[in-house]
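Visitor: Please walk me through this model one topic at a time.

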Amino acid sequence: MPLKFDLNDPEVSKLIDLFQTIGFTKAKATETAKSTKNASALKEIIEKNNLSERSVDDKKASLISGLAVQGSNLGKAEKSYIVDAILDERLKSAEQVSAAVKFAEAKGFPTNSEEFNKECGVGFSITPEELYTRATNYVSSASVSGWTNLSTTISALKGTSDLRWANPLELKNAVEKAFTAAFGEKTAIKAKGAEGKPKKASSDLTSANAGSSSAASSSRSVFDEGFLGKLHKPGENPQIHPRLRDAHLAATGGIVYTRFPPEPNGYLHIGHSKAIFINFGYAAHHGGKCYLRYDDTNPEAEEARYFESILEIIRWLGFEPWKITYSSDYFQELYDLAVELIKRDKGYICHCTGEEIHEMRGGDDGGPRRACSHRDRPISESLAEFQKMKDGHYKPGQGILRMKQNLEDGNPQMWDLIAYRVLYASHHRTGDKWKIYPTYDFTHCLVDSFENISHSLCTTEFILSRVSYEWLCDVLEVYKPRQSEYGRLNVTGTIMSKRKILALVKEGYVRGWDDPRLYTLIALRRRGIPPGAILSFVSTLGVSTSTTNIQTVRFEQTVRQYLENSVPRLLMVLKPLKVTIENLPEEYLLMIEKPLHPKIPALGTTVVPFTRTVYIDADDFRLQDSKDFFRLAPGKTVGLFQAPHPITCTSFKTDPATGEVVELLCRLENSGEVKKPKAFIQWVAEHAPSGSPVRVDETRIFHQLFKSDNPSAVKPDFKADINTNSLEIIEGAMLEVGFWSLAKQAIIEAKDEGKARTKKALENEDIASPTDAQSPVPTTEQLIGNECVRFQGLRIAYFALDSDAKVASFGEENNVTAGRRDGDKIVINRIVSLKEDIGKGAA
């Protein structure tokens, strides 16, 4: 693990100063210095070519930085030649620099400038009008049938020898304009029906939503229509200065940049899944990049376990961050801008209490607002006071930095918001260096600016904040991202509040933050809900500016539909009742091959034994028969699922003490003409040599934790609404022996997929080698858990293996046959129930 990046290190400070001499902002210089390898290469180029003394703007500096990263195998002469080509503007884009590096690697120092110019697109120029003509000609001459061919058309044009140098954004716009002229406005693209085994979740959006064709369709169209379809294109967000837009597009290449910025002060809940889906999904849909940014500006509430959990959940949902950053990465830059804010007379130090500020803003009655007595203090005085705050002269609450906004504005977010406050708390990354910390209102927009976010997507509770967001960027004259707000997702019948969930955990109402009755994402994962089902649920709801309030039953229906076409089915009895088939010999054995899903052959088959002794569910037998009961009763015949013959109950045995039926005596109807039974019931056989049946130590059935749709409204508090019967534990259920091979195969596939995804994620150097040794990194283990083992207990419910289960064969070699080992404990959770089975009748 690399050493911790330290801004106080004199060598690091020298690097940052050096990078600023070639036009980098301090934030960009600091970010570049974090990668030891790249920083060293760039330092060498700057010094060898005396770039600190030459005219280098930010765009050229970015291209030179790209050369440092890509040209590690080039000699000094080749690098200097390419640097000169960048400075004299023969090479103007990242694509041209990449081509120059490849040329130099293949042919060495460019002795033939004409050949170099041709290979690298030197002198290339094309207007948007000419691009549109080329796109129109291609559409009319090639086999282009409609908007479904958009990506292939852009790729085809980009692949031509001359247009490979065209500005990607201008080319994309030209092709879209040509498509609009030829085929009309773009509409949602319907997906073809999914067939066969669903794909596993991955960072690709459509595979992350695999499992139902409707979900796949939604995942592809939700970004093209409605709220998301109307969002601006990169570069269209207005700027106070044109140079800010130009620098932004030069840094991003005109592609979408988004971010998911959670506070690491708790576990994510189902509402966050919508934010993850939108931010990562929108970027992926448009070929862009999405940051995971920890908004760690409140050290009093942050814990390491939350950082780890957030990354794990994002990856579990099928996404991979492009970069992992922290708001604390930019504490120095934020402080510098706070000083600049004061110098521009747009910030001042205030010593009022919270109560006084509330009263001056109009109080509870919304009265007239008035300025704080400190608002017009001299700039020099506020600068001195801010320094005293930084140096620890003031205790928390004794001094704050406020923005000098507009108290007459009707928007409360313009009433001189707090930018910095004093906190005596050790920060998990910066230790005790800082006594002052920036607020969300100051940090959020500026870090979005530092990271060149093109689309700052958040929920509608931040609509009023958009005005202050844009105000701060403009008064400091920095790049201004565009904030756009969508409606949040609420699931009724549960609670999302961290404070309330913590109370449930501490007071023993639930077993932890991952208790499957909760709607935290770690709880839903433990319950066994597939990540693809969650994304399917979110995508089918659509995205608009309205808040979405959905009942838990609708969420569970989406999960049920997803599982219906993606998990195998096993014979299972919850409450076993012994059946002895008297007309079969003791040693009778028939091995039956049965499909794991009648409609999905790709899931394969399993082999189960059929013997003289089998077990059925106690609920499938009645002493007193009735017309509406179609299962087993004395003298009655029923079929056994996928067994060769039905059975007839001839007698039964009871417990002398309780009168409870403990064994049925039956006859196998394997001779003569037998009428087809009206009902079939599930069963498992007793056969010790094959390990049948699989005995389940605990089957956990979860019901709604709360009795009402709005627990928070119940008096005296939400705990009065708790359903005391929300957890049912059944001991001694039985499964068919095919469970073992199914379970082990599920874990093997999860490991293989986890390794492949993690290997790919770690190819990104920024992810694989964080500058902070405490930063979480992708691991295979994040994607593997017992919950990967999912199945339908035939005619009962959908189940998953719980994290409390212990299965020794999971740790054995892949070629070792799975089965019960000493110390094993089988614990399964009900994911969701099945739809009501009318044929089963009343029990």
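Visitor: In the hairpin of β18 and β19, which residue takes a positive phi?
Guide: Q642 does, with a phi near 65°, and this hairpin has six residues between the strands. Strands are DSSP runs of E with at least two residues, helices are runs of H or I with at least four, and both are numbered from the N terminus. The model is a predicted one, in which local features need pLDDT of at least 70 and side-chain atom pairs count only at pLDDT 80 or more, while totals for chains, interfaces and linings use all residues. Residues are numbered from 1 along each chain as its sequence is written, and side-chain values use heavy atoms, with hydrogens and water left out.

Visitor: In what sense do β18 and β19 pair, and over how many bridges?
Guide: β18 (residues 637-640) and β19 (residues 647-654) are antiparallel and share two bridges. Two strands count as paired if DSSP finds at least two bridges between them. V638 stands opposite I647 of β19.

Visitor: And how many bridges join β19 to β20?
Guide: There are seven, and β20 (residues 661-668) runs antiparallel to β19. Within that pairing, S651 faces L665 of β20. The hairpin of β19 and β20 again has six residues between the strands, and here G659 has a positive phi near 80°.

Visitor: Is D416 buried or exposed?
Guide: D416 has 0% relative accessibility and therefore counts as buried. N50, at 44%, counts as partly exposed. Buried means under 20% relative accessible area, exposed means over 50%, and partly exposed is in between, with a 1.4 Å probe and protein chains only.

Visitor: Where is there a cis peptide bond?
Guide: One joins S692 and P693, with omega about 0°, and P693 sits in the loop between β22 (683-685) and β23. A cis peptide bond also joins K715 and P716, again with omega about 0°. P716 belongs to the loop between β24 (698-702) and β25 (727-730).

Visitor: What is the order of the open sheet of three strands?
Guide: The order is β13-β26-β23, and the pairing is antiparallel. The edge strands, each pairing on one side only, are β13 (572-573) and β23 (694-696).

Visitor: Turning to aromatics, how many pairs does a search of the whole structure find?
Guide: The search finds 31 aromatic pairs. Rings of Phe, Tyr and Trp (its six-membered ring) pair if their centres lie within 6.5 Å; planes under 30 degrees apart are stacked, over 60 edge-to-face and the rest tilted. One of the pairs is F331 with Y437: the ring centres are 5.7 Å apart and the planes are at 70°, so the pair is edge-to-face. F331 is in helix α17 (residues 331-343) and Y437 in strand β7 (residues 436-438), so this pair ties together parts 106 residues apart in sequence. F331 counts as buried at 3% relative accessibility, and Y437 counts as buried at 0%.

Visitor: How do F386 and Y420 pair?
Guide: F386 and Y420 are edge-to-face, at 5.4 Å centre to centre with 75° between the planes. F386 lies in helix α19 (residues 379-390) and Y420 in strand β6 (residues 418-422), so parts 34 residues apart in sequence are tied together. Both F386 and Y420 are buried. Ring pairs link F331, Y335, F386, Y420, W434, Y437 and F442 into a cluster.

Visitor: How many residues of α24 are buried?
Guide: Nine of the 11 residues of α24 (residues 531-541) are buried, and the helix is mostly covered. Among the buried residues are I534, L535, F537 and V538. Just after α24, G542 has a positive phi of about 80°.
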